[in-house]
Amino acid sequence: MNVLGIDIGGSGIKGAPVDTEAGELVQERLRIATPQPAKPEGVAEVVGEIVKHFDWDGPVGVTFPGVVVDGVVQTAANVHHSWIGVDAAALFGGATVLNDADAAGIAEMTFGRGRDQKGTVLILTFGTGIGSALFADGTLVCNTELGHLELRGKDAEDRASARAREEHDLSWEKWAERVEEYLRHVEMLFSPGLIVIGGGVSKKADKFLPHVTLDTPVVPAALQNEAGIIGAARHAATTGPAR
């Protein structure tokens, strides 16, 4: 079953049709810069552009960078605050909408590094913020938002996200120190058997992961930055409406 997956991020909105049984993009993805400020109307226009680009009239899965409950946005840390309370599923024409990191986690647990993993698995996406997807024996605990845990008096993502590395002009090694501090914190809280690092930085894991030392195995995501698209499509295929 092919489903259009769309991944809304703080800096870019990406989409592509996905073979939801194989976990693979079936066409080259399209990326459009996220409108600034990232208000609902502007983002919806970009989502519509992606749907039109692929001439799509089938099921659609969409990720959102915040807490989403029954298609309604509850938080919006890295997009405009006017999203709070918006029925995103209705705004996107009946698409299936879920938290962006949860989507990436679904993809990694189904097709990637988390496949067949038992116990507690934590998928963390490092980008504009830090997203999290927590799984217990393969079952997703939705909307964990662990990037907003407090470290040194700040949201963890303000110190350890990929955006923070760029804003503070940190070397990969210096940034790895901040990542390790954050990972030690979540390791203490959840005692996971595996931590998977996703987001755009997963393509450059060799630059920072060798500088991260943890008791828990830490591995880069297999699906890298396509995980959100694949997970959104997979979730829509398994839980969403027919169209």
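Student: Leaving aside neighbours within four places in sequence, which residues is Thr216 in contact with?

Tutor: Thr216 is in contact with Glu187, Pro192, Gly193, Leu194 and Ile195, where contact means heavy atoms within 4.5 Å. This is a predicted model, in which local features need pLDDT of at least 70, side-chain atom pairs count only at pLDDT 80 or more, and totals for chains, interfaces and linings use all residues. Residues are numbered from 1 along each chain as its sequence is written, and side-chain values use heavy atoms, with hydrogens and water left out.

Student: Why is Thr216 called buried?

Tutor: Its relative accessible area is 8%, and buried means under 20%, exposed over 50% and partly exposed in between (1.4 Å probe, protein chains only). Thr216 is therefore buried.

Student: What makes Asp55 exposed?

Tutor: Asp55 has a relative accessible area of 70%, so it counts as exposed. Asp137, at 55%, is exposed too.

Student: What is the phi of Asp55?

Tutor: Phi of Asp55 is near 50°, a positive value in a residue other than glycine. Most residues other than glycine have a negative phi. Asp137 also has a positive phi, of about 50°.

Student: Why are H3 and H8 called roughly perpendicular?

Tutor: The axes of H3 (residues 100–111) and H8 (residues 227–239) cross at roughly 85° and come within 7 Å. Angles under 35 degrees count as roughly parallel, over 145 as roughly antiparallel, 65 to 115 as roughly perpendicular and the rest as oblique. H3 and H8 are therefore roughly perpendicular to each other.

Notes
Axes fitted to C-alpha atoms, helices over the stretch in contact; angles between N-to-C directions. Helix = DSSP H or I, 4+ residues; strand = E, 2+ residues; numbered from the N terminus.
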